[in-house]
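Let's take a friendly walk through this structure together.

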Amino acid sequence: PKLVNLNVGLFPNIHVVGDAYQLPYADNSVDAVHCEAVLEHLEFPETAVTEMFRTLRSGGQAFAATPFLQHFHAYPNHFQNFTLIGQQRLFERAGFEIVSSGVCVGPTYAISSLIIQYVTRYIPYPTIRKMAYRLTQLASMVLRPFDERANRHPDAHVIASTTYVHAIKR
């Protein structure tokens, strides 16, 4: 009930229309920030993370999930994907202390979604495209349960679809 949903446009379930580069909040006034699937769409993500830091109270927490191995997906733009280390450094440079970080969505999804993008975009023969699509979906369903285990592996981030950073403003 205390969640305030901010977005660049007035879409359903949006409470505040605002810009990540100039958050419409006073300094040190926000308890927590949840930023999911946003930073890759910003040309200057460091500015947005600095804004998060500015608006958070001391002890305020930030959670950000960003794609690593994902296909291009414009909304309205897609500028970059992030390695886990790159995402950690982005938050550290803004002044945050990293509490935890890791994998949100694992390698099975990363691999299958990239194959599906390839199949649907580049296989010109509809029958072969449909068959390859279905085989990829089937393989994904069979392998998906292994992601839970794979996500706990120390180097899971090297082929993950999505990683996260949980940070705090001291």
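Leaving aside residues up to four places away in sequence, alanine 110 touches Leu69, Ile159, Ala160 and Ser161. Keep in mind as you look around that this is a predicted model. Alanine 110 sits in helix H3, which covers residues 107-122. With a relative accessibility of 1%, alanine 110 counts as buried, because the cut-off for that label is under 20% relative accessible area. For a sense of distance, pick glycine 9: its C-alpha is 29 Å from that of alanine 110, and the two residues are 101 apart in sequence.

Now move to threonine 163, which belongs to strand S6, residues 162-168. Is threonine 163 buried or exposed? Its relative accessible area is 0%, so threonine 163 is buried. The side chain of threonine 163 makes a polar contact of 3.1 Å with the side chain of glutamine 87. Beyond four places in sequence, the residues that threonine 163 touches include Ala64, Phe82, Leu84, Val103, Cys104 and His157.

Stepping back, you can count four helices and six strands in the protein. Read from the N terminus, their order is β-β-β-α-β-α-β-α-α-β. Among contacts with a separation of 6 or more, 75% come from residues 24 or more positions apart. The C-alpha trace spans about 55 × 35 × 30 Å along its principal axes, and 35% of the 170 residues count as buried.

Finally, the surface: the accessible area of the protein is about 10,500 Å², with 60% belonging to carbon and sulfur atoms. As for charge, there are 14 positive and 13 negative side chains, and the centres of these two sets are 9 Å apart.

Terms used
Residues are numbered from 1 along each chain as its sequence is written. This is a predicted model: local features need pLDDT of at least 70, side-chain atom pairs count only at pLDDT 80 or more; totals for chains, interfaces and linings use all residues. Side-chain values use heavy atoms; hydrogens and water are left out. Helices (H or I, at least four residues) and strands (E, at least two) are DSSP runs, numbered from the N terminus. Buried means under 20% relative accessible area, exposed over 50%, partly exposed in between (1.4 Å probe, protein chains only). A polar contact is a pair of N or O atoms within 3.5 Å; within protein, one must be able to donate a hydrogen and the other to accept it, and residues adjacent in sequence count only if both atoms are side-chain atoms. Contact means heavy atoms within 4.5 Å. Accessible areas come from the Shrake-Rupley method with a 1.4 Å probe; for residues, only the protein chains shown count as cover. Lys and Arg count as positive and Asp and Glu as negative; His and the chain ends are not counted. The place of a charge is taken as NZ of Lys, CZ of Arg, CG of Asp or CD of Glu.
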